[in-house]
Amino acid sequence: MKVCLQTYGCQMNKLDSALVSSALTDAGFSLTQSVKEADVILINTCSVREHAEQRVISQLGHLKHIKKNKPNLVVAVIGCMAQRLGNKLLEHEAVNIVCGPTQIPQIADLLKQALEKNEKRLAVTEKILQKTSESQNQTLETFESTYGVEDKQIPSQAFVRAMRGCNNFCTYCIVPYVRGPEVCRPPEVIIEQIKKLASEGIKQVTLLGQTVNSYKYKKDGRSWCLADLLDAAAGVEGIEWLRFVTSYPSEEFFDDIMQVMAASPKVCNYLHLPAQSGSDKILRAMNRHYTAAWYLELLDKARAIVPDIAIAGDFIVGFPGETEEDFQATVDLLKKARYRNSFIFKYSPRPGTTADKKLQDTVPADIKQKRIATLLEVQEEMSGQLSRDYLGKQVKVLVEGLSKKSHINTAGDNNPQLVGRTDTDYIVVFNGPASLTGHFAKVKITKTSPLTLFAELL
Ligand code: 5AD
Ligand code: SF4
């Protein structure tokens, strides 16, 4: 039986998809990229913005037509939308299975049942805001440590979950309602997994969590925080680079984490620390527990400990009640923060969240659009300035593979164009042998643009 797996959303979802692919292969399924060839279409979905959901709904509409000629095709929806919509999604004509993020260990069985009996099946958590039960955690742990998580798309890199869920309840955010409360994975399990990955040739591990910097675990009288986890992971032979995403602006453990970053050559000098807004009024309405000034001080602290740290941010524009003045405060923060890159989104009301229940989506679409464009422009100027500092420098990159765009090779050799990343997460494009894929290379930067560096291989 052939499964075509399509993934939307964040790294967490990509990691779930990697686990699911591995589990399905183990259960005797084979994977295909082709919808035509597939017996099962498995869609791993995201609910973070309405747009992400709309893409899935239109894909389901398309599959409904395909099913007219191919009635035995099984369509399974997994991930955040599955948990959010549950039965409503199951009612869709095209859908056979709806399976939430907590239920993915059941996916192979659910597919087998659907292929045998043409029944609709729902597997989601009924009370998602309640603490997950021990047995549920255990099932997820066993699933997670049994199946391979190496990122098949980028050789020698892997993602490892440090924690699931989120307890923060930012008023705009759907995550706590689809991924449930925060659960930190035991440190020894994480380290064991990293050792296994290293023995399979993985060189870079990225630790994942919605607020990964708040990782904590108590065991045998010892307390672990993310800094301890990074330190232990850095001790694993074969692992050369460690990253972690995403962080929440908080003082707890912050110094310790920055100290390990400064001290360990393996911990990449990169911090993704979303601010979301530069207006204290909006930050309060978002239930973010800091002010703009405090956030900027935190960045100063990071830079004092790790001088060449690259910092990336996220912003939401057009949050309910955001005035021109509030927006100017965001522009101001963006300028002062000196981000190497920012991810900027239009506010999208998510059903069930506090912002959606209590606040009107007052900012018109065209104003949201204008504010995004303004922020992007300011960010591009900053990114351009920061990347110019790299000109003429020699840097180490981890090579990800052939560059997607077929640029003209001007080096006069027969090498293809490759892309790699610096430890500060800059994309570097250069000519070199394809055999460098998955390996480190030394390059010299010859040209820069805001988000991409161009280089020659040394
Ligand atoms: N609307 C727009 N953007 C959102 N994000 C999270 N929820 C929403 C929403 N309802 C953004 C935040 C977060 C990133 C992953 O997505 O900036 O950091
Ligand atoms: Fe990831 Fe959040 Fe989207 Fe779920 S809703 S896939 S956790 S970004």
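## Salt bridges

Let's start with the charged pairs: this model contains 24 salt bridges. Please keep in mind that the structure is a predicted one.

One of these salt bridges joins Glu-141 and Arg-164, whose closest N and O atoms are 3.4 Å apart. The two partners belong to distant parts of the chain, 23 residues from each other. Glu-141 sits in helix H6, which covers residues 134–146, while Arg-164 is part of strand E8, residues 163–164.

## The six-stranded sheet

Next come the sheets. Six strands make up an open sheet with parallel pairing, and their order is E2-E1-E3-E4-E5-E6. At its edges are strand E2 (30–31) and strand E6 (121–123), each of which pairs on one side only. In general, the strands of a sheet are paired through backbone hydrogen bonds, in a parallel or antiparallel way.

Helix H2, made of residues 50–69, lies across E1, strand E3 (40–45) and strand E4 (74–79). Relative to E3, helix H2 runs at about 170°.

## The three-stranded sheet

There is also an open sheet of 3 strands, ordered E14-E15-E16 and again with parallel pairing. Strand E14 (270–272) and strand E16 (341–346) are the edge strands, pairing on one side only. On average, neighbouring strands in this sheet are turned by 10° against each other, direction ignored.

How many bridges hold the pairing of E14 and E15? E14 and strand E15, which spans residues 310–317, pair over 3 bridges in the parallel sense. For His-272, the bridge partner in E15 is Ala-312.

## Around ligand 2

Finally, we turn to a ligand. Which residues surround ligand 2? The shell consists of Cys-10, Asn-13, Cys-46, Ser-47, Val-48, Cys-80, Val-175, Arg-179 and Gln-210.

Terms used: Residues numbered from 1 in each chain as written. Chains lettered and ligands numbered in written order. Predicted model: local features only at pLDDT ≥ 70, side-chain atom pairs only at ≥ 80, totals over all residues. Heavy atoms only, no water. Near = heavy atom within 4 Å. Pairing = 2+ DSSP bridges. Helix = DSSP H or I, 4+ residues; strand = E, 2+ residues; numbered from the N terminus. Axes fitted to C-alpha atoms, helices over the stretch in contact; angles between N-to-C directions. Contact = heavy atoms within 4.5 Å. Salt bridge = Lys/Arg side-chain N within 4 Å of Asp/Glu carboxyl O.
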